[in-house]
Each structure stands twice: as C-alpha cells, then as structure tokens.
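Please examine the sequence and the three-dimensional structure shown here before reading on. The explanation is meant to be followed with the structure in view.

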Amino acid sequence: MIELTVNGIKRQVDVVPEMPLLWVLRDELGLTSAKYGCGVAQCGACTVHIDGKAVRSCQSHIGEIAGKSVVTLEGLPNREQHPVLQAWIEHQVPQCGYCQTGQIMQAISLLTSIPKPTDKQINQVMSGNLCRCGTYPRIRAAIHAAAAKRMAEK
C-alpha cells in the first residue's frame with residue numbers, strides 16, 4: 001500500500017510503485033480533472049500540485065509521491081471564489097477546454113511564486129502547457145486579472 005494525501009484526505013492505494021500518478025488519480029481515486037494529453041510531460045494537460053509545486057502527473061510515479069500532498073483542480077480551496085477560476089470564466093479562456101485544468105493549475109503555481117508576473121514571465125512559465133485552440137492571449141489576460149484580484153484582496 002502506498003499512502004499519500006490527495007486534496008487534503010489521506011489515501012492508500014494498492015498499486016505498483018511505477019504507476020503514474022495520473023492513472024492513480026483517474027482510475028483508482030476517480031479524480032478526473034487531470035487529463036491525459038501526451039504521456040511524456042510535454043503538454044501540461046495532466047498538471048497537478050505536489051507539495052505546492054506544479055508537476056506533470058503522467059510522469060510522476062506513485063512510488064516517488066508516497067507521503068506527499070497532491071492537489072488537483074477538484075481539491076482547490078474555495079473553488080467557487082478562486083481568483084484564477086473566476087478570471088478564467090470572465091475572460092472566456094476555454095474553447096475546447098481539454099487543457100484548461102492543467103493551464104489553471106500551472107497558473108496558480110505561477111501566481112504563488114510570482115504574484116505580479118510580466119507577460120514575459122507568464123509566457124515562460126506557461127510555455128509547457130499547450131493549447132490546441134490557441135487561447136494564449138486570453139490565458140495571459142486571465143492571469144493578469146487573477147494577479148490583480150489577488151493583490152487587491154491582500
């Protein structure tokens with residue numbers, strides 16, 4: 001049994017240590033916000049937070065995550081009022097929506113480390129999260145709006 005905390009709840013899973021976290025989340029725990037995109041950590045659709053850092057869950061083996069804390073989109077605190085989620089809606093970021101949970105989790109991580117990022121910083125940090133629909137200008141605008149909202153709340 002491998003133990004970890006997922007969205008604030010201690011969980012035990014009986015899987016091989018080499019199993020990707022993505023499959024544990026989706027198939028074992030029924031948490032489907034993280035998506036399978038490429039399987040080689042190049043698209044960002046599977047991004048979750050592990051101990052507060054944005055990580056590609058498709059390449060994170062569950063054996064390496066034992067004892068750590070994982071947060072998925074389902075586990076974000078105060079989800080309905082979260083500034084990044086609100087900005088995503090206000091700026092109508094999603095088109096097809098497939099990449100959006102990974103984009104959101106990466107954006108939250110960005111704003112945690114850089115509270116008021118420049119366009120260059122946004123482009124750099126978000127570059128590993130691909131959007132086939134090309135909504136990058138709306139993603140950037142939403143990140144700026146979320147940063148402004150977070151700064152105003154402080």
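Predicted model: local features only at pLDDT ≥ 70, side-chain atom pairs only at ≥ 80, totals over all residues.

Residues are numbered from 1 along each chain as its sequence is written, and side-chain values use heavy atoms, with hydrogens and water left out.

The protein chain is assigned domain 1 (2-75) and domain 2 (79-153); such bounds come from an automatic or database domain assignment. The C-alpha centres of domain 1 and domain 2 are 21 Å apart. Between them, 19 residues of domain 1 are in contact with 13 residues of domain 2, where contact means heavy atoms within 4.5 Å.

The next subject is the sheet. Helices (H or I, at least four residues) and strands (E, at least two) are DSSP runs, numbered from the N terminus. Strands of a sheet pair through backbone hydrogen bonds, either parallel or antiparallel; here two strands count as paired if DSSP finds at least two bridges between them. Five strands form an open sheet with mixed pairing, in the order β2-β1-β5-β3-β4. At the edges stand β2 (9-13) and β4 (53-56); each has a single partner strand, so one side of each is left without a neighbour in the sheet. From one strand to the next, the twist averages 40°. Strand β1 (residues 2-6) pairs with strand β5 (residues 69-71) in the parallel sense over two bridges, and T5 has S69 in β5 as its bridge partner.

Helix α1 (residues 21-28) packs on this sheet and touches β1, β2, β3 and β5, with its direction at about 100° to that of β3. Helix α4 (residues 100-113) lies across β3, β4 and β5 and runs at about 40° to β3. For these angles, axes are lines fitted to C-alpha atoms, for helices over the stretch in contact, and the angles run from 0 to 180 degrees between N-to-C directions.

Leaving aside residues up to four places away in sequence, T47 touches A54, V55, R56, G102, M105, Q106 and N129. Its side chain also reaches the backbone oxygen of G44 at 2.7 Å, and a polar contact of 3.0 Å joins the side chains of T47 and R56. A polar contact is a pair of N or O atoms within 3.5 Å; within protein, one must be able to donate a hydrogen and the other to accept it, and residues adjacent in sequence count only if both atoms are side-chain atoms.

The structure holds one aromatic pair. W23 and Y36 form this pair, which is stacked, with 5.4 Å centre to centre and 25° between the planes. Rings of Phe, Tyr and Trp (its six-membered ring) pair if their centres lie within 6.5 Å; planes under 30 degrees apart count as stacked, over 60 as edge-to-face and the rest as tilted. W23 lies in helix α1 and Y36 in the loop between α1 and β3, so the pair ties together parts 13 residues apart in sequence.

Finally, helix α3 (residues 83-90) is mostly covered, with six of its eight residues buried. The buried residues of α3 pack against α4 and α6 (136-153).

Methods
Buried < 20%, exposed > 50% of the residue type's maximum accessible area, 1.4 Å probe, protein only.
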